Amino acid sequence: MNIKVCGITQMKQLQQLDGLNIDFAGFIFHKDSPRYVGDKISKEELQSADFDVKKVGVFVNAGYDEIMDAVEDYGLDIVQLHGDETPELCEQLMEEVEVIKVFNIGSEDISIDEMVADYDEVCDYYLFDAKVGDAIGGTGTKFDWKKIAKSKIEKPFFLSGGISVDDIAQIKAFKHPDYFGIDVNSKFEKSPGVKDMALLLQLKQGLKGKK
């Protein structure tokens, strides 16, 4: 079970995530986010960070050049696209860096397989988050995971949206052949961008043994 912790804004906390053997750390490059990392961690600090945790840059409708500049400047391993990015942009980026494409799931009855179809060949992972109005992630809201369970998908994916330590049993019980990991954020914070390491340790221990 892979764990991605999104919205990191402190080098000390990145080091702590690495110590907990967290798999992915997300850094938000969307300036409207309260967890925007651009003015909190320097390029030099993040680029030179020698940790096992993979560094994921989170972008919302940014252009190719902006994204690739950040990949180079901050030493990012993966980019996560949280907006209306086209398959063409994903394909272009995928030639240079691993890509996670985000899809927001609301209450409407939609085909997940149709939603992801155009991106099947142009990204490495999917991430399914809750759709809450025009909000872009970090809402602390869940969507109905049954919609994912009955879809083919056929690509490694993360479940995201309002996941907390209270969901450990549900996380472990969820079944899908391409279920790759979970993405957590707001339910593991003391304040926006400041994680509660005790809760993350509790999550890590609770999921121990989950493949």
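A surface patch, as the term is used here, is made of residues with over 30% relative accessible area and no salt bridge, with like charges joined within 9 Å. In this predicted model, one such patch is negative, and its members are Glu88, Glu91, Glu95, Glu96 and Asp118. Among them, Glu95 is placed in the loop that runs between helix 4 (87-94) and strand 5 (98-105). With a relative accessible area of 64%, Glu95 is exposed, because the term applies to residues over 50%.

Cys90 takes part in no disulfide, and the nearest cysteine sulfur to its own, that of Cys123, is 6.2 Å away. Seen from Cys123, the closest cysteine sulfur is that of Cys90, and the separation of 6.2 Å is too far for a bond. Cys90 is buried, at 0% relative accessibility, and Cys123 is buried as well, with a relative accessible area of 1%.

Attention may now turn to the salt bridges. Over the whole structure, a search finds seven of them. One joins the side chains of Lys40 and Asp39, with an N to O distance of 3.5 Å. In this pair, Lys40 is partly exposed at 40% relative accessibility, whereas Asp39 is exposed, its relative accessible area being 61%.

Another salt bridge brings together the side chains of Lys43 and Asp73, at 3.4 Å from N to O. Lys43 belongs to helix 2 (residues 43-47) and Asp73 to helix 3, so this contact ties together parts that are 30 residues apart in sequence. Lys43 is partly exposed, with a relative accessible area of 38%, and Asp73 is also partly exposed, with a value of 29%.

A further salt bridge is formed by Asp167 and Lys142, whose closest N and O atoms are 2.8 Å apart. This pair links distant parts of the chain, 25 residues apart: Asp167 lies in the loop between strand 7 (157-160) and helix 7 (168-173), and Lys142 in the loop between strand 6 (125-130) and helix 6 (146-149). How does the accessibility of the partners compare with the cut-off for burial? Buried means under 20% relative accessible area; Asp167, with 7%, is therefore buried, while Lys142, with 34%, is partly exposed.

Salt bridges also occur as a network, in which Arg35, Glu189 and Lys195 are linked.

Finally, Asp77 gives a view across the fold. This residue is placed in the loop between helix 3 (64-74) and strand 4 (78-81). Helix 3 is also the helix that holds Asp73, the partner of Lys43 described above. At 35% relative accessibility, Asp77 counts as partly exposed. Between the C-alpha atoms of Asp77 and Lys147 the separation is 30 Å, and the two residues stand 70 residues apart along the chain.

Terms used: Residues numbered from 1 in each chain as written. Predicted model: local features only at pLDDT ≥ 70, side-chain atom pairs only at ≥ 80, totals over all residues. Heavy atoms only, no water. Patch = residues over 30% accessible without salt bridge, like charges linked within 9 Å, V, L, I, M, F, W, Y side chains within 5 Å. Areas by Shrake-Rupley, 256 points an atom, 1.4 Å probe, with all protein chains shown as cover. Salt bridge = Lys/Arg side-chain N within 4 Å of Asp/Glu carboxyl O. Lys, Arg positive; Asp, Glu negative; His and termini not counted. Charge placed at Lys NZ, Arg CZ, Asp CG, Glu CD. Helix = DSSP H or I, 4+ residues; strand = E, 2+ residues; numbered from the N terminus. Buried < 20%, exposed > 50% of the residue type's maximum accessible area, 1.4 Å probe, protein only. Disulfide = S-S within 2.5 Å.
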